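Reader: Please take a close look at one part of this model, the packing of its secondary structure elements. I would like the definitions and cut-offs stated along the way.

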Amino acid sequence: MSRALELLGLGLCVLGAVCMFGALAVDLDSTAAKALMAAAAILFVPGALITLTMLRRRAGPPT
């Protein structure tokens with residue numbers, strides 16, 4: 001289960017990054033860019049939180 005969560009967090013971050021690069025590739029004032037930026041935030045934030053949780057579980061809290 002732990003390995004699956006790690007891969008889920010990584011996958012969400014990667015998808016968020018792809019959406020962000022896609023948003024930069026189109027006209028920044030367009031609706032597509034805004035939708036891709038929103039998708040990037042929606043994907044990246046949970047991915048980063050899952051990754052941080054798994055890292056803290058493995059490495060322990062900061063001292």
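Author: The chain has 2 helices and 0 strands; both kinds of element are DSSP runs numbered from the N terminus, with helices being H or I over at least four residues and strands being E over at least two. This is a predicted model, in which local features need pLDDT of at least 70 and side-chain atom pairs count only at pLDDT 80 or more, while totals for chains, interfaces and linings use all residues. Residues are numbered from 1 along each chain as its sequence is written, and side-chain values use heavy atoms, with hydrogens and water left out.

Helix 1 covers residues 2-25 and helix 2 covers residues 31-59. Their axes come within 7 Å and cross at roughly 150°; axes are lines fitted to C-alpha atoms, for helices over the stretch in contact, and angles run from 0 to 180 degrees between N-to-C directions. The two helices are therefore roughly antiparallel to each other, a label for angles over 145 degrees, where under 35 is roughly parallel, 65 to 115 roughly perpendicular and the rest oblique. Helix 1 passes helix 2 in a left-handed crossing, that is, the near helix is turned anticlockwise from the far one by less than a right angle (clockwise would be right-handed).

Glu-6 is a residue of helix 1. Its relative accessible area is 18%, so Glu-6 is buried; buried means under 20%, exposed over 50% and partly exposed in between, with a 1.4 Å probe and protein chains only. Apart from neighbours within four places in sequence, Glu-6 is in contact with Met-54 and Arg-58, contact meaning heavy atoms within 4.5 Å.

Leu-52 belongs to helix 2 and is partly exposed, at 45% relative accessible area. From Ala-35 to Ala-59, 24 residues apart along the chain, the C-alpha separation is 36 Å.

For the chain as a whole, among contacts between residues at least 6 apart in sequence, 64% join residues at least 24 apart. Buried residues make up 17% of the 63 residues. The C-alpha atoms fill a box of roughly 45 × 25 × 15 Å along the principal axes.
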